[in-house]
Amino acid sequence: MDLLKQRIRTDGLILNNSLLKVDSFLNQQIDPALMLKIGEEFVNRFKGETITKILTIESSGIAVSVMTGLILKVPVIFARKRKPKVTSDDVYTAKVYSYTKGESNNIMISKQFLHQDDSVLIIDDFLANGEAAAGLADIVKQAQAKVVGIGIVIEKSFQPGAQKLAQAGYRVESLARIKSFANGQVEFL
Ligand code: 5GP
């Protein structure tokens with residue numbers, strides 16, 4: 001997606017040769033117009049598929065997921081990283097190691113929001129080692145629902161996540177695929 005790649009080139013900051021900071025449009029300040037374009041692109045990529053729900057993880061997957069859900073007219077569910085007091089105990093959980101925080105979280109969603117007859121599109125902001133996406137797919141499996149595919153805004157293709165998910169049989173659609181951060185520059189595939 002050229003618009004996204006351009007924005008990464010102009011606004012992205014590379015940290016420690018492995019992390020991309022895109023706080024100005026995705027991870028802290030959010031550019032709603034770009035989020036809508038990203039939502040349209042996900043809808044386009046998964047055209048022809050039956051999608052009844054979108055599943056993401058808090059917090060940076062929410063904005064693009066809401067745009068996608070708005071166009072598809074389907075609900076958006078986000079997995080929580082910590083259990084709030086008001087969430088019931090009736091939850092699906094999966095253990096996910098956080099790439100950016102260096103700690104494991106038990107992500108969870110209430111069982112009432114996912115059912116056996118759901119066809120779920122999983123969406124996240126970044127794909128690195130595939131932990132978050134695999135955890136979300138595991139939750140869909142626990143609900144005996146179907147994973148239609150995985151939509152990723154920014155894939156770091158030099159890390160193993162995309163390959164791991166493909167090997168597990170999931171269709172992965174990434175809108176920007178980064179080959180390397182060599183010489184402090186973002187190089188796309
Ligand atoms: P994974 O679970 O695939 O190892 O990592 C994906 C998750 O880690 C995403 O949900 C995202 O929040 C975070 N993440 C991984 N790499 C980056 C990165 O380069 N930049 C930012 N901002 N987040 C990242």
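Mentor: A strand is a DSSP run of E with at least two residues, and strands are numbered from the N terminus. Ile57 is found in strand 3, which spans residues 53–57. Please keep in mind throughout that this is a predicted model.

Trainee: Why is Ile57 called buried?

Mentor: Ile57 has a relative accessible area of 6%. Buried means under 20%, so Ile57 at 6% is buried.

Trainee: Which residues is Ile57 in contact with, leaving aside its neighbours within four places in sequence?

Mentor: With those neighbours left aside, Ile57 is in contact with Ile62, Phe78, Ala79, Lys81, Ile107, Ile123, Asp124 and Leu136. A contact requires heavy atoms within 4.5 Å. A separate value concerns Ala133: its C-alpha atom and that of Ile57 are separated by 8.8 Å, although the two residues are 76 residues apart along the chain.

Trainee: What are the buried residues of helix 4?

Mentor: Helix 4 covers residues 62–72, and its buried residues are Ala63, Val64, Ser65, Met67, Thr68 and Gly69. They are called buried because the relative accessible area must be under 20% for that word to apply.

Trainee: What do the buried residues of helix 4 pack against?

Mentor: They pack against helix 3 (32–45), strand 3, strand 4 (76–79), strand 7 and strand 8 (146–156). Just after helix 4, Lys73 takes a positive phi of about 60°.

Trainee: Let us turn to the annotated residues. Where does UniProt place the feature "binding site"?

Mentor: An unreviewed UniProt entry places this feature at Leu20, Asn27 and Lys156. The lining of the largest pocket takes in these three residues, Leu20, Asn27 and Lys156. The "binding site" annotation of the unreviewed entry also covers Ala128, Asn129, Gly130, Glu131 and Ala132. Ala128, Asn129, Gly130, Glu131 and Ala132 are likewise included in the lining of the largest pocket.

Trainee: Why is Leu20 called buried, and why is Asn27 called partly exposed?

Mentor: Leu20, in strand 2 (residues 19–21), has a relative accessible area of 6%. That value is under 20%, so Leu20 is buried. Asn27, in helix 2 (residues 23–27), has a relative accessibility of 25%.

Trainee: Which residues do Leu20 and Asn27 touch, not counting residues up to four places away in sequence?

Mentor: Leu20 touches several residues, including Ile8, Leu13, Phe126, Ile154 and Val186. Asn27 touches Val22, Ser60, Asp125 and Phe126.

Trainee: How do you know that Ala128 and Gly130 count as buried?

Mentor: Ala128 has 10% relative accessibility, and Gly130 has 6%. The word buried needs a value under 20%, so Ala128 and Gly130 count as buried. Ala128 lies in the loop between strand 7 (119–127) and helix 5 (131–142), and the place of Gly130 is in the loop between strand 7 and helix 5. Leaving aside neighbours within four places in sequence, Ala128 is in contact with Tyr99, Lys156, Gln159, Pro160 and Gly161, and Gly130 is in contact with Gly161 and Leu165.

Trainee: How many residues surround the ligand, and which are the closest?

Mentor: There are 16 residues around the ligand, and the closest are Leu20, Asp124, Ala128, Asn129 and Gly130.

Trainee: Finally, why is Glu173 called buried?

Mentor: Glu173, found in strand 9 (residues 172–180), has a relative accessible area of 17%. This is under 20%, so Glu173 is buried. The side chains of Glu173 and Arg171 are joined by a polar contact of 3.1 Å. Not counting residues up to four places away in sequence, Glu173 touches Phe42, Arg45, Phe46, Ile150, Gly151 and Ile152.

Notes:
Residues numbered from 1 in each chain as written. Predicted model: local features only at pLDDT ≥ 70, side-chain atom pairs only at ≥ 80, totals over all residues. Heavy atoms only, no water. UniProt positions renumbered as here; feature names shortened; annotations may be inferred. 1 Å grid on protein atoms, 1.4 Å probe; cavity = no way out; pocket = protein on both sides within 12 Å on 5 of 7 lines; lining within 4 Å. Helix = DSSP H or I, 4+ residues; strand = E, 2+ residues; numbered from the N terminus. Buried < 20%, exposed > 50% of the residue type's maximum accessible area, 1.4 Å probe, protein only. Near = heavy atom within 4 Å. Polar contact = N/O pair within 3.5 Å; in protein donor to acceptor, adjacent residues only side chain to side chain.
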